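Here are some friendly notes to read alongside the model. Take them one at a time, and keep the 3D view open as you go.

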Amino acid sequence: MLLGPYSFLKNRRLKTKTGLKLLKEVIESQTCFPDWVIKACNERVKDTPETLALLFASKGGRCEISLSTLVIQFLQPLSGFTRLSKKETIRCAWEMLSTTQRVLFNKMILGGFQLGAQKSLIHEALSKISGIPRSVISRRLIEDWQPSATWFQSFIEPDPEIDTAMAPCHFEPVVVSEVPPDKSDFTLGLEAAFAFDGARVQGIRRREVSTIWSEELIPLNLCFPELIRGISLLPSGTVLEGLIVGWDDDLPPPRENVQKRLKVKTATQKTIQSAPVQFIVLDIIERHGINLSHCPFAQRRAEMKQVMDEWSHQWSIHGNKSEIEDVNPDFFQQEMFDMSTVLRTEPEKSVLPPPMSLSRFFKCNTWASLEGKLNICRDKHATGLLCIPVDPRDSPHSDENRWRLLKPASCKARLALLSAERLPGNQTHFIRFTFGAWLNDSLVSVAVIGTQHSKKDFESLGEFVLENTLQKQGNNCLVKPDLIYEISFEDIQESSRSKSGIRLKNARLCKRLTGTGIKQASTVEEIKSLI
Amino acid sequence: MLIRPTPSGLYCEQGDFYIDPKRKVNRAVITHAHSDHARRGSEQYLCSKPCEPLLRLRLGKNISLQALEYGASTSICGVIISFHPAGHILGSAQIRVEYKGEVWVVSGDYKTYPDPTCAPFEPLRCHTFISECTFGYPIYRWPDPNHEWNHLKKWWKTNREAGLSSVINAYSLGKAQRVLNALKDSEQTVLVHSAILSFLPFYISEGVLFPEVMEATPENVMRYRDESLIISPPSSSMEKSLGDPCSWQSLDVSGWAQIRSQKRKKNLPNGLIVSDHADWEGLCQAIQATEAEQTFLTHGDGSVLSRWLTEKGLSVSQLPENRSTASLHAS
């Protein structure tokens with residue numbers, strides 16, 4: 001029953017065919033509380049499953065019942081019951097459970113039970129427990145499943161053919177460097193490409209099966225069905241690596257598109273149209289089933305160009321058709337996703353880009369050319385330059401042969417500490433600090449510093465907050481704006497949540513500015529002028 | 001109209017006294033020693049006998065104070081006043097006011113659940129009942145206190161085994177003593193804040209049992225932090241003196257811990273659901289037991305309780321603040 005907890009961790013709702021109305025009817029029949037009492041209580045509690053759990057007056061209910069028993073005995077049978085039997089089953093369950101257990105039970109029925117656990121962490125845990133590779137766990141859990149013993153048995157049975165075909169290759173770590181790079185430790189003769197905000201992925205076509213894997217080993221087929229369609233036109237035995245970035249007619253590539261798409265369980269035609277994306281190919285890992293990762297990049301680039309030329313040809317023939325006629329049906333797509341729902345109306349009306357394109361590469365053989373490209377990164381709305389040696393080097397520094405992300409020099413601003421967010425339930429421990437700049441005559445928030453800093457930095461800020469709190473709003477403490485820090489940042493993002501209209505990207509503490517008055521804090525206009 | 005609300009509090013014109021006045025008055029009749037009911041500055045005070053030492057501690061030794069045993073009465077300008085147990089905290093009382101055969105009862109704060117630290121609530125028949133209504137929603141039903149105390153003992157034991165300090169946030173008068181009484185069989189020392197410690201002798205003189213306690217001075221806290229339970233008022237921020245947030249666990253003791261959204265709002269991540277106020281059932285039972293012709297609700301939102309009981313055939317309404325006698329009659 002490992003999948004029971006998993007299902008609720010990921011907010012999957014069991015099909016119980018039971019709604020709020022039925023639960024309210026049980027309450028009314030058991031407590032005589034009319035609807036107006038339930039409504040009034042709900043306004044106070046602000047959570048319907050909890051209100052119903054609290055209203056059901058039961059003095060018993062200290063039964064130690066496991067989650068799996070609850071699911072098997074009470075939740076799963078509900079969908080097959082008559083209305084009367086459902087009410088009786090729910091009443092029996094409520095009688096047995098404590099108030100807290102009743103809250104969870106109601107949330108399971110109504111679909112509001114979710115814990116904030118990262119998908120990748122859950123998959124890692126399931127992999128360790130079951131002994132199945134994480135990528136296989138991730139892929140199998142996309143399918144439609146119920147937390148039952150039968151399904152679990154099939155879940156843990158090996159299927160080597162499919163598992164191998166869909167397995168991702170190793171994602172080589174990208175070395176991130178702040179500029180200026182150490183020239184003594186950095187040899188030129190590079191191929192470079194602009195890097196944009198997006199998701200690093202592998203697009204895989206093997207044995208007529210197409211898959212997109214994220215760097216966190218999460219299959220993204222359902223989030224990006226139009227890209228799967230593109231990948232399905234690749235020759236079998238091909239693995240490409242690159243970035244999925246937002247797409248627009250003009251630069252910059254919209255950052256939010258990829259995030260929006262990653263959040264949806266299954267992308268609909270409307271989502272695809274409203275948040276278009278493109279797979280920018282940067283490298284080739286496999287061709288004709290042969291691993292190329294150890295070949296020189298010059299060779300990989302040539303192979304990649306051939307593959308993408310062939311793909312462009314295929315796309316020009318098949319890309320505008322609603323059905324992909326001469327490509328064998330992709331059983332993964334058939335199982336997981338009804339492509340026709342996405343593709344039916346796509347071709348004529350669409351203004352979507354081709355799903356894939358080869359990144360533009362340029363050679364950097366001199367420092368001047370590298371620095372020149374770095375200097376225009378912000379104009380291009382790029383996060384930096386992705387570089388790789390054209391030929392492998394016999395270097396003691398193994399990192400030299402890997403992809404390396406060079407970032408443009410960060411900007412700096414003087415910002416005042418405005419508020420701090422406490423760790424819930426803890427009076428003295430803070431998890432986020434908000435800094436502000438002047439806009440007209442008031443300080444408005446422009447940057448949030450998270451937990452990436454050292455304990456010492458955070459303690460120092462925390463001590464200031466404890467001594468200078470003006471007002472508490474829940475977990476948020478507003479402080480006297482007397483503390484000025486020099487903050488470095490990489491870019492400016494628009495923000496509709498902040499009065500300043502901007503949010504500094506990757507803001508980090510540099511140093512505390514003692515002897516600097518609040519009036520010396522930067523203005524929003526000054527910050528904008530830096531970029 | 002024997003008792004009416006005024007800006008200074010509930011006023012009895014015939015006897016010229018106020019019940020739990022909000023401002024300085026000539027004559028104050030006090031239900032119990034909590035600071036929102038017993039305020040400084042009045043000329044004369046009247047309270048129950050067990051409440052007397054607590055009131056003197058809070059308001060000063062030299063206040064002009066008369067105390068009556070539970071059930072005993074006194075007459076002020078022809079108005080007969082007596083105090084009857086309310087079960088809220090030590091010395092808490094309902095105030096029975098009788099004038100020319102008309103009986104009003106002002107409940108003050110009360111609870112109907114048994115509490116070993118104070119006399120149990122005593123239902124009183126009356127013509128008009130003014131009841132508190134802090135938890136006047138049916139979502140508030142207190143679990144068996146013994147279950148909560150067992151949870152507290154397990155929690156403390158778990159923390160001790162994990163080498164963590166245990167901090168209980170509880171009001172210094174009433175709640176803290178209830179917690180201590182629940183731990184009376186404990187073999188470990190309990191550290192208590194000085195504000196709590198000052199009330200303990202009065203409880204002991206009434207026969208309430210406590211475990212071995214020590215004052216939670218900074219030295220004692222650092223010395224016994226890994227084994228002791230520390231009880232402090234919520235406002236004392238005892239956790240600050242314990243340093244590293246990973247080295248301690250805290251627990252609040254409050255009826256508000258019943259609802260998750262209110263726990264979040266009041267920043268109570270963990271809580272024992274133990275209250276010194278009546279829950280929904282307690283309020284309904286207490287009001288019905290008075291057999292009062294009319295009931296007024298105060299201290300809290302009584303909209304649901306008043307409508308619920310009115311639909312059951314009782315005359316129940318909310319007591320408006322600062323309302324004139326005429327409009328109160330009209331209601």
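1. Chain B holds ten helices and 19 strands. Here helices (H or I, at least four residues) and strands (E, at least two) are DSSP runs, numbered from the N terminus. This is a predicted model, in which local features need pLDDT of at least 70, side-chain atom pairs count only at pLDDT 80 or more, and totals for chains, interfaces and linings use all residues. Residues are numbered from 1 along each chain as its sequence is written, chains are lettered from A in the order in which they are written, and side-chain values use heavy atoms, leaving out hydrogens and water.

2. How much of chain B is buried? Of its 331 residues, 57% count as buried. Buried means under 20% relative accessible area, exposed over 50%, and partly exposed in between (1.4 Å probe, protein chains only).

3. Take N220(B) as an example: this residue lies in helix 6 (residues 218-224) of chain B. N220(B) counts as buried because its relative accessibility is 16%. Leaving aside residues up to four places away in sequence, N220(B) touches L191(B), M214(B), E215(B) and R225(B), where contact means heavy atoms within 4.5 Å.

4. Now to the charges. Over all chains, the count comes to 39 salt bridges, each being a side-chain nitrogen of Lys or Arg within 4 Å of a carboxyl oxygen of Asp or Glu. One of them joins E490(A) to K407(A), with the closest N and O atoms 3.0 Å apart. E490(A) sits in the loop between strand 17 (484-489) and strand 18 (491-494) of chain A and K407(A) in strand 11 (residues 404-407), so the pair ties together parts that are 83 residues apart in sequence.

5. What is the accessibility of these two partners? E490(A) is buried, with a relative accessible area of 11%, and K407(A) is buried at 14%. E490(A) also meets R508(A) in a salt bridge (3.8 Å, N to O). R508(A) belongs to strand 20 (residues 508-512) of chain A, 18 residues apart from E490(A). With a relative accessible area of 26%, R508(A) is partly exposed.

6. In chain B, look for the salt bridge between the side chains of R125(B) and E291(B) (3.3 Å, N to O).

7. Finally, a network of salt bridges links D47(A), E50(A), K107(A) and R260(B).
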